[in-house]
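Colleague: Please take one part of this model and go through it closely. Then set it against the whole chain.

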Amino acid sequence: MVVFQPASDRLFVLLAAGNLATTQAVVNHIQRDLDQEIASQASTGEDLRSCHYLFEAANYIGAVSVAVQEKHRAALQQAGTSAEATFILGGQIGTEPHGLFMVYPQGNAVMATPQTPYLQIGESKYGKPPLDNVGSTNLSLEDAARLCLISEVLTHRSNLTVGPPFELAIVPRNKHSVAHRVTFEAEAPELAAMIDTWSSAQREALHRLPSFVWEQNLDAA
């Protein structure tokens, strides 16, 4: 998780998954563009400071990612390694609507909508059910944050190649600032409490599911 605030009227939170060298190079490229503009006191081209809409920022990150991948693609392919990386960009610019975009390795991006209010990158299948079953735009920011965190905790429980630290940032609408940012390490008591509570609730729900016909007949007898 990387936070960029190139001006007081905009904030960007960037999440990355995939080839580590690519993700680091993309982040460094973004920061270099911002530093060069600050040094010159004038816009030197497209960057997070010059974007007027969040989709433009997503397109810019996609273009940077594609350029980085192309630079090393041939050598990595010979070594049998992929240079691909995927990003999630969240934030807001000025009075434009806040939003969330997933930037694909090919450079294009898709936006979260009220019908699909969350986006995932990396290992996604194990943490998807709670997001599908409980997630909605009616949740408070805190409940949404808890839901995202339990999604990661459940992913870790099913796939040990994924694990803490888990990073969490809460960005209120129209504030252009991170209200809360926290990192949960492996030994964090909150993680153990979350999985215990979730598992207990799932066991209780199991016992409340409808009975089979033969169970109903036995009860009647």
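**A loop residue, the aromatic pairs and the chain**

Modeller: Start with Ala 79, which sits in the loop that joins α2 (54-78) to β3 (85-93). Keep in mind that the model is predicted. Is Ala 79 buried or exposed? Ala 79 has a relative accessibility of 57%. The cut-off for exposed is over 50%, so Ala 79 counts as exposed. In sequence, 56 residues separate Ala 79 from Gly 135. In space, their C-alpha atoms are 41 Å apart.

Turn to the aromatic rings. A pair of aromatic rings is described by two values, the distance of the centres and the angle of the planes. How many aromatic pairs are there? The count is 2. One of them joins Tyr 53 and Phe 55. Their ring centres are 5.7 Å apart, which is within the 6.5 Å limit for a pair. Their planes meet at 25 degrees. Stacked requires under 30 degrees, so this pair is stacked. What of the exposure of its two members? Tyr 53 has 38% relative accessibility and is partly exposed. Phe 55 has a relative accessible area of 41% and is partly exposed as well. Both values fall between the 20% and 50% cut-offs, so neither residue is called buried or exposed.

Phe 212 and Trp 214 also form a stacked pair. Here the distance is 4.5 Å centre to centre. The planes are 10 degrees apart. Trp 214 counts as exposed, because its relative accessibility of 55% is over the 50% cut-off.

Now step back to the whole chain. It has 6 helices and 7 strands. Along the sequence they run β-β-α-α-β-β-β-α-α-β-β-α-α. The C-alpha trace spans about 85 × 45 × 35 Å along its principal axes. Of the 221 residues, 33% are buried. Consider the contacts between residues with a separation of 6 or more: 53% of them link residues 24 or more positions apart.

Last, the surface and the charges. The accessible surface of the chain is about 13300 Å². Carbon and sulfur atoms hold 54% of that surface. The chain carries 14 positive and 23 negative charges.

How values were computed. Residues numbered from 1 in each chain as written. Predicted model: local features only at pLDDT ≥ 70, side-chain atom pairs only at ≥ 80, totals over all residues. Heavy atoms only, no water. Phe/Tyr/Trp six-rings, centres within 6.5 Å; stacked < 30°, edge-to-face > 60°. Buried < 20%, exposed > 50% of the residue type's maximum accessible area, 1.4 Å probe, protein only. Helix = DSSP H or I, 4+ residues; strand = E, 2+ residues; numbered from the N terminus. Contact = heavy atoms within 4.5 Å. Areas by Shrake-Rupley, 256 points an atom, 1.4 Å probe, with all protein chains shown as cover. Lys, Arg positive; Asp, Glu negative; His and termini not counted. Charge placed at Lys NZ, Arg CZ, Asp CG, Glu CD.
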